[in-house]
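Welcome! Please take a moment to look over the sequence and the 3D view below, and then we can walk through them together.

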Amino acid sequence: PNEICTETMMTYHGRRNEDTFLKQVKFLYAGAEEYIATGGDCGCLYIWHKKSGRLLRRMQADAYTVNALAPHPFLPLIATSGIDSDVKVWDSTAEQEERPYQDKVKVP
């Protein structure tokens, strides 16, 4: 009845997590495709293909560390925040040279 899961279903490699802790990990959905996203201590946002585990995107999203991310509930947008004073919104369908979706929103 209350069994504890002891087997890892999939492992995603390629990010650095040595300086800080508590990075959010989120599932992203685009049609029938599923992805996994999280931040790293290098200031990058990472996105993997959920089934294959292939790292699809590594993009600079913070000057220091990306600790939090929030996918939009139905648009292909992702908000990121970290140690710098900015919250950024990204278009997850953009080409490899990433640009924030809108101007930076300054946090007071």
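Which backbone nitrogen does the side chain of D84 reach? Keep that in mind while we get to know the model, which is predicted.

The side chain of D84 reaches the backbone nitrogen of A63, at 3.0 Å. D84 itself lies in the loop between β6 and β7, the latter being residues 86-91. A63 is also found in a loop, the one between β4 and β5, where β5 covers residues 66-71.

A second polar contact of the D84 side chain goes to the side chain of K88, at 3.2 Å. Leaving aside neighbours within four places in sequence, D84 is in contact with D62, A63 and Y64. A63 can also be placed relative to D86: the two are 23 residues apart in sequence, and 9.2 Å lies between their C-alpha atoms.

## The overall picture

Now for a step back. The protein has zero helices and eight strands, so from the N terminus on its elements simply read β-β-β-β-β-β-β-β. Of its 108 residues, 31% count as buried. Among contacts with a separation of 6 or more, 30% are between residues 24 or more positions apart.

How far does the confidence go? The mean pLDDT is 81, and 83% of the residues reach 70 or more. Residues 96-108 are a stretch to treat with care: pLDDT stays under 50 there, and the model has 24 contacts beyond four places in sequence for them. Where pLDDT is low, the predicted coordinates should not be read in detail.

Is T80 buried or exposed? Its relative accessible area is 1%, under the 20% cut-off, so T80 is buried. The side chains of T80 and W90 are joined by a polar contact of 2.9 Å. Beyond its neighbours within four places in sequence, T80 is in contact with L45, A61, V66, A68, L69, D86, V87, K88 and W90.

C44 is in strand β3, which spans residues 44-49. With 2% relative accessibility, C44 counts as buried. Its contacts, again leaving aside neighbours within four places in sequence, are T38, G39, R58, M59, Q60, A61 and V66. C44 and G82 are 38 residues apart along the chain, and their C-alpha atoms are separated by 9.9 Å.

Two residues in the segment before β1 are worth a look, and one of them is Q24. Q24 counts as partly exposed, because its relative accessibility of 33% falls between the cut-offs of 20% and 50%. Which residues does Q24 touch, not counting those up to four places away in sequence? They are A37, T38, G39, N67, A68 and L69. For A68, the separation from Q24 is 44 residues in sequence and 5.3 Å in space, C-alpha to C-alpha.

T20 also has its place in the segment before β1. T20 is partly exposed, with a relative accessible area of 25%. Not counting residues up to four places away in sequence, T20 touches D41, T65, N67 and I83. T20 and D41 are 21 residues apart along the chain, with 6.7 Å between their C-alpha atoms.

## The largest pocket

Finally, look for the largest pocket, which holds about 400 Å³ of space. It is lined by 18 residues, and the closest to its centre are L28, Y29, A30, Y35 and S92.

Which strand supplies the largest share of this lining? That is β1, with four residues. Strands β1 (25-30), β4 (55-60) and β6 each supply at least two lining residues. By type, the lining divides into 14 nonpolar residues, three polar and one charged.

Notes:
Residues numbered from 1 in each chain as written. Predicted model: local features only at pLDDT ≥ 70, side-chain atom pairs only at ≥ 80, totals over all residues. Heavy atoms only, no water. Buried < 20%, exposed > 50% of the residue type's maximum accessible area, 1.4 Å probe, protein only. Polar contact = N/O pair within 3.5 Å; in protein donor to acceptor, adjacent residues only side chain to side chain. Contact = heavy atoms within 4.5 Å. pLDDT = per-residue confidence, 0-100. 1 Å grid on protein atoms, 1.4 Å probe; cavity = no way out; pocket = protein on both sides within 12 Å on 5 of 7 lines; lining within 4 Å. Points joined across faces, edges and corners; volume = space filled by probe spheres on them. Nonpolar A, V, L, I, M, F, W, Y, C, P; charged D, E, K, R; others polar.
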